Amino acid sequence: MIKNISNLGDAALYCDFGNSVNKEINSKVIRYFQSIRNQNIQGIINLTPSYNKLIISLDLTKTNFNKIKKIIENISLDPNENLSSKKIEIPVCCNEKFSLDIERLEKKLNLNRNKILDSFFNKEYFCYMTGFIAGMPFLGDLDNDLQAKRLETPRVRVPKGSVGITEQFANIYTFESPGGWNIIGNTPISVFDKSNETNPNLISPGDSIFFKRIDINQYKNFND
Amino acid sequence: MIKNYFEVFRAGINTTFQDKGRSNLHHIGIPLSGAMDGRNYLIANSLLENDLSSPVIEFAYQGPLFKYHGENINIAITGDVIFKIKRDMVETQGSCNKSYLIKDGDEIDILSTNKSVYGYLAISGEFDLKYQWGSCSTNTKAQLGSNNGEKISDGQKIIISKIISLKSTKELKHINTKIEKIRVIKGTNYDYFSKEGINAFFNKSFTISKLSDRMGMRLEGHKIDNIVNTNIKSEGLIKGVVQVPSDGNPIIMLSDHGTIGGYPKIGVVISADYDKLVQLTSGSKIKFQEIDLPEAETLYDLYQMETKNIISQIK
């Protein structure tokens with residue numbers, strides 16, 4: 001199922017699953033990721049799954065590229081039905097104080113805000129990967145009519161909890177960070193909890209996400 | 001009651017607690033972190049007979065100035081560092097790679113690193129630190145690890161929870177050598193760049209920009225021309241990856257890097273050269289040389305053997 005395994009430097013395997021980005025290819029990446037993780041292979045220090053690639057980082061004092069390549073080529077994968085996948089509801093408030101880029105999007109997409117939000121909320125999203133910053137989920141796919149480019153000049157500070165869209169993806173800023181996605185709302189839920197070492201991430205690759213629209217009062221009362 | 005601590009008069013530019021770092025968290029967006037220069041980190045702990053994964057204080061360029069309060073303790077500073085120890089109004093010039101007995105009221109003034117970036121201070125004992133995922137390394141970007149994910153700041157107290165008294169001080173005759181070229185293996189998007197761009201990357205020298213930190217090292221001097229696409233579908237990164245964004249100026253991923261990125265990768269710095277790479281100061285020049293995987297693996301084994309050999313010479 002891996003199309004090609006090459007080396008990324010001297011301490012990582014670059015597993016290529018193809019060039020397209022879709023749920024089917026990504027599910028294969030996730031299946032490999034979870035199976036390799038469950039086997040606790042000596043010398044692997046990190047696994048980085050993404051849309052269609054999996055990077056396997058090595059501790060060179062314990063192993064090397066060829067040894068791990070052989071193991072990965074012959075690995076028995078966990079059955080699909082054992083893969084974990086949760087359904088998660090994320091409340092999002094689109095009050096104007098949170099939807100920082102809604103006007104920009106109306107122009108970019110040539111749609112009014114009600115249309116934009118209707119299209120955004122009436123959908124099930126799939127988590128392709130988490131990362132870049134701790135816990136940030138990359139969710140897809142948005143409908144074609146919502147696909148917009150990044151901001152030309154990224155914001156220096158995107159507030160924690162911001163929900164943004166770019167191209168076919170949506171994401172959630174797990175903490176305040178620089179960023180260039182089009183922000184349409186904010187969630188009162190903490191998506192990344194660094195004090196929870198076992199399960200810091202609310203959302204993991206393979207999970208299904210539903211965004212639920214809430215108003216400003218529900219937002220304010222959410223954490224009471 | 002707090003008995004043993006350093007009182008920080010001046011924190012320095014980028015002073016953090018670091019250890020070996022945290023692994024197996026890339027998939028949720030958390031990089032390795034840990035001491036940037038692994039060899040000097042190991043030497044610091046070895047000089048004090050510590051467990052080799054013990055936390056140390058890492059500083060960059062200007063280091064901290066602090067006063068010690070408490071029972072006798074040993075310290076060691078490694079890297080290429082200019083520092084002074086002040087006792088009873090008398091200043092002594094410090095030497096790296098040597099352990100010192102520090103007494104109540106002594107001041108340690110780490111003025112600067114010399115033609116290098118990072119230096120390390122280890123103690124014969126334990127700092128009072130919070131661990132996250134098995135590491136106390138501070139990642140200021142994600143606000144993770146000890147010291148609430150923040151740099152050490154002016155006026156704070158660095159509390160020492162345990163002191164191990166050593167019978168003697170130790171010393172190592174060692175000079176941090178430099179290498180002329182940083183060696184690189186071709187990246188997975190090598191063929192995204194023009195012939196001229198690839199030639200420039202491997203034959204010309206680049207200047208290290210001031211905008212370099214624990215996350216990345218930015219280079220300037222020659223634009224690397226992209227002939228395919230200046231973006232790729234975001235995918236995993238590791239430390240040492242050289243990405244080239246659309247402006248053509250290469251960026252090398254360092255220990256606190258973002259875990260995924262969407263710029264094409266022209267190369268990856270070999271593991272054997274990472275410690276030397278991170279010590280190159282902003283404003284200085286860097287040159288690259290292409291090698292293949294078997295060579296890189298041999299060089300890493302040699303580097304490990306050399307590190308063990310250096311540590312075995314501590315007396």
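At what angle do helix α1 (residues 38-47) of chain B and α4(B) pack, and how far apart are their axes? Select both helices. They pack at an angle of about 25 degrees, and their axes are 10 Å apart. Axes here are lines fitted to C-alpha atoms, for helices over the stretch in contact, and angles run from 0 to 180 degrees between N-to-C directions. Helices (H or I, at least four residues) and strands (E, at least two) are DSSP runs, numbered from the N terminus.

Before going on, some ground rules. This is a predicted model, in which local features need pLDDT of at least 70, side-chain atom pairs count only at pLDDT 80 or more, and totals for chains, interfaces and linings use all residues. Residues are numbered from 1 along each chain as its sequence is written, while chains are lettered from A and ligands numbered from 1 in the order in which they are written.

**Stop 1**

The angle makes α1(B) roughly parallel to α4(B), a label for angles under 35 degrees. Their crossing is right-handed: the near helix is turned clockwise from the far one by less than a right angle.

Now show side chains. On α1(B), pick B:Arg39, B:Leu42, B:Ile43 and B:Ser46. On α4(B), pick B:Thr307, B:Ile310 and B:Ile311. These residues make the contact, which is counted when C-beta atoms, placed from the backbone, lie within 7 Å. By class, four are nonpolar, two polar and one charged. Ala, Val, Leu, Ile, Met, Phe, Trp, Tyr, Cys and Pro count as nonpolar, Asp, Glu, Lys and Arg as charged, and the others, Gly among them, as polar.

**Stop 2: two domains**

Colour chain B by domain: domain 1 is 5-163 and domain 2 is 182-311. These bounds come from an automatic or database domain assignment. The C-alpha centres of the two domains lie 27 Å apart. Where they touch, 20 residues of domain 1 meet 16 residues of domain 2. α1(B) gives the most to the domain 1 side, with five residues.

**Stop 3: the partner chain**

Show chain A as well. The contact takes 31 residues from chain B and 38 residues from chain A. On the chain B side, β16 (235-236) and α4 (293-312) each give two or more residues. The largest share, five residues, comes from α4(B).

**Last stop: confidence**

Colour by pLDDT, the predictor's confidence in each residue, from 0 to 100. Chain B has a mean of 96, and 100% of its residues reach 70 or more. The model scores ipTM 0.96 and pTM 0.94.

Notes
Contact = placed C-beta atoms within 7 Å. Parallel < 35°, antiparallel > 145°, perpendicular 65-115°, else oblique.
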